[in-house]
Amino acid sequence: MDLKKYESIRPLAPEEVQTAIQLLTSLEPLRAVYDSLGLETSWDELVAVLRTCRTVEDFKARVSYHWVKHIMAKCCASVELTGTEHISPEGAYTYVSNHRDIILDSAFLNVLLADAGAKFPEIAIGDNLMLYPWIETLVKLNGSFLVRRGLQGRQVLLAAKLLSEYMHEAVAEGQSIWIAQREGRAKDSSDHTQPALLKMLAMGSPERQPAAALASLNIVPVTCSYEYDPCDYLKAQEMQLKRDVAGYKKSPADDGINMSTGIQGWKGRVTFHIGRPLSQLLPADASELSVEELASLMDAEIHRHYVLYPLNYVAYDELEGTDSSEHYTPEERAEALRYIEARLQLVQLPEGLEPDKAFLRHCILTMYANPLRNQRKALAATAL
């Protein structure tokens, strides 16, 4: 791979790792962030470990892997991975998943794959999240590559082509990668792969037909299911602001709050499922399939494998007036409704705006009901 060609977006090369570590460990703001995490390893102990890292893989295995394990133990009841029969440990894949949490979707999957004996994937992350220069250095040290946002005109096309070519080369060289199925999280948890994403992925191939252009990426759909989304009330809050404030846009500070809340909040039970590779989902003749049709095939595979919890069924019943009580006890229903009401109390709007409790409640209920809705549609389509 031509490292210079991809210098602006790629993870750090081995010869860049120690320089980056020296920079990061000299930053007092980063030390303050680390101390706030409450990890057992002291800052000085961390620095000693960092000095032994010579590659991105070293950093992941010796440092970030243990950070993520700490978050799993502290903020989750359980974290599980299923569907590993669909991949091989030595294989290189493009994991495309639904998107719940800004940081943890990819972080959890990295650790779960490592525990299953598979390769750490490199992670696609939007450069809009690089709130400080040191964050870009840190994520590149952790094996992330950047997706350039906020570009105009021809820059958009050039950046998309460069990103696609990087991803094709990475997989060809045996490196797995991860990317969300859409730009940004689905605020209502109705997960759908953006055809524009597949168009971008296809740009790095000389093939013209979408299915053929995507074949070398070894795309694997992944389903992530969180029992509780720590950012559910923030997403509902954003929905009201978009409704009531003309031209509202989330600020970098809002992104920071979402990242922090997502990491530190309680997530309950969490499951990731590795679906069948896209190549196995295609009909015998896929040459005429559009990117929209390919996206629908991936969505159905993702939707079929949601793990659903009592809160999902209670939320659906509240919205639809149905009875799914075979999926929850009266105590679980009462707890789910208490949870929803407690989340509404966390919403904070700017001065002059009052929380629209009915609207916000509907938003949060919808977030938890939509995975059930989409799963039922996918299973019904399979049965036809």
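Does Ser189 count as buried or exposed, and at what relative accessibility? Ser189 counts as buried because its relative accessibility is 4%. Here buried means under 20% relative accessible area, exposed means over 50%, and partly exposed lies in between, with a 1.4 Å probe and protein chains only.

The model is predicted: local features need pLDDT of at least 70, side-chain atom pairs count only at pLDDT 80 or more, and totals for chains, interfaces and linings use all residues. Residues are numbered from 1 along each chain as its sequence is written, and side-chain values use heavy atoms, with hydrogens and water left out.

Ser189 sits in the loop between strand S5 (177–180) and helix H8 (195–202). Helices (H or I, at least four residues) and strands (E, at least two) are DSSP runs, numbered from the N terminus. The phi angle of Ser189 is near 60 degrees, a positive value in a residue other than glycine. Asn218 also has a positive phi, near 50 degrees, and is a residue other than glycine. Its loop runs between helix H9 (210–215) and strand S6 (219–226). Asn218 counts as partly exposed because its relative accessibility is 35%.

Two further residues were examined. Ile123 belongs to strand S3 (residues 122–126). Ile123 is buried, with a relative accessible area of 7%. Leu344 is part of helix H15 (residues 330–344). Leu344 is buried, with a relative accessible area of 3%. Leu344 and Asp356 are 12 residues apart along the chain, and their C-alpha atoms are separated by 9.6 Å.

Helix packing comes next. The axes of helix H1 (residues 14–24) and helix H6 (residues 133–141) come within 10 Å and cross at roughly 140 degrees. H1 is therefore oblique to H6. Axes are lines fitted to C-alpha atoms, for helices over the stretch in contact, and angles run from 0 to 180 degrees between N-to-C directions. Angles under 35 degrees count as roughly parallel, over 145 as roughly antiparallel, 65 to 115 as roughly perpendicular, and the rest as oblique. The crossing of H1 and H6 is left-handed, a term for a near helix turned anticlockwise from the far one by less than a right angle (right-handed if clockwise).

The structure holds one cavity of 30 Å³ or more. The largest cavity has a volume of about 140 Å³. On a 1 Å grid over the protein atoms alone, a cavity is a set of points where a 1.4 Å probe fits but cannot get out; a pocket is an open set with protein on both sides within 12 Å along at least five of seven lines; lining residues have an atom within 4 Å of a point. Grid points are joined across faces, edges and corners, and a volume is the space filled by probe spheres set on the points.

The largest cavity is lined by 15 residues, and Arg100, Tyr226, Asn312, Tyr368 and Pro371 lie nearest its centre. S6 and helix H16 (357–383) are the elements that give two or more residues to this lining. The lining divides into nine nonpolar, three polar and three charged residues.

The second largest pocket has a volume of about 370 Å³. Its lining has 19 residues, with Leu12, Glu57, Glu122, Tyr166 and Gln175 nearest the centre. H4 gives the largest share, three residues.

Methods: Nonpolar A, V, L, I, M, F, W, Y, C, P; charged D, E, K, R; others polar.
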